[in-house]
Amino acid sequence: YPPLSPPPPRLLFSLWRTGPRSPTSFYLCTSRRRGKMDMKKRLNLEMRNRKPAEVKELVLDNCRSDDGKIIGLSADFENLEFLSMINVNLVSVSNLPKLGKLRKLELSDNRISGGLEVLAERTPNLTHLNLSGNKIKDINTLEPLKKLPNLRSLDLFNCEVTMLNNYRESVFELLPQLTYLDGFDADDQEAPDSDPEADGLDDDYDENGEEGEEDEEDEEEEELDEDAIDDEDEDELDGEEEEDGVEDEDEDEEDGEDEDEEDEEDLPHGEKRKRAPEDEGDDDPEDEDDDDDEDDE
């Protein structure tokens, strides 16, 4: 392999702004080998045995375009929502196919100088466009982007147009639908790290994927908590019933003692309490001895 050379600052900035989208793009962005893979071969590699209609994100960074034009892409990628072609030596986007669901397009570090009307025609739902490090010099070059009503974020970092006087004011005036320019809004407030509208990723995954799993986990936890509460309530009821049973027995014993005391108090003085029939058969040994002594006398 040829010796490695450090990536240019513009490439590092683009990587920092977008983040690595695949292990292949991360490897190519950091190592930047001199021999670049053909865009068509790279496209087949990123497909991973999927059909074009199944692909929602596609990263073709640091590959080699065909004479500065896009190759390999077709309208069969009808569900594509994110497309990245950073540092592929693009000069024109005229070969970009019709991508009705595309929301985020990364075209930084190329040689594009115009022809943006193609984006308005073939990517009508675009919300995020990164043209950093291209050859855009005039504000008028951006005029076709007025036909993108959903465009919220535009990056022109390191383009010559950024050196013009009142550059930011002019762009916001030209594109009133724009919220963020080069990562900041009209009031110089920085864009959040993750902007759902700018990211261009569909919400189905969040709604049906992670959030769905979280909802299921929450429901399971609630069911477990309810079961635990029911078990605790049953244990408390059992304990209360046992305590009530013990208290009832104690009350019965106390009532029996009170009745005996009342019977003794009702007897007149000098009279002995009559024995109960149950006690008649049980004579005390001392009484029997007294009777025997009287007989002997």
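Helices (H or I, at least four residues) and strands (E, at least two) are DSSP runs, numbered from the N terminus. With that in hand, helix α3 (residues 39-47) is followed by R48, whose phi is positive, near 55°. The model is predicted, so local features need pLDDT of at least 70 and side-chain atom pairs count only at pLDDT 80 or more, while totals for chains, interfaces and linings use all residues. Residues are numbered from 1 along each chain as its sequence is written, and side-chain values use heavy atoms, leaving out hydrogens and water.

We can now look at α3 itself. Its residues M39, R42, L43, E46 and M47 are buried, where buried means under 20% relative accessible area, exposed over 50% and partly exposed in between (1.4 Å probe, protein chains only). The face turned away from the buried side of α3 carries the exposed K41 and N44.

Helix α5 (residues 167-174) has Y167, V171, F172 and L174 as its buried residues. They cover an arc of only 165° around the axis, which puts them on the same side of α5. On the other side of α5, E169 and E173 are exposed.

Turning to the strands, an open sheet of six has the order β1-β2-β3-β4-β5-β6, with parallel pairing (two strands pair if DSSP finds at least two bridges between them). β1 (57-59) and β6 stand at the edges with a single partner strand each, so one side of each has no neighbour in the sheet. Three bridges join β1 to the parallel strand β2 (residues 82-84), and L58 has L83 of β2 as its bridge partner.

Note on methods:
The arc is that of the directions from the helix axis to the C-beta atoms.
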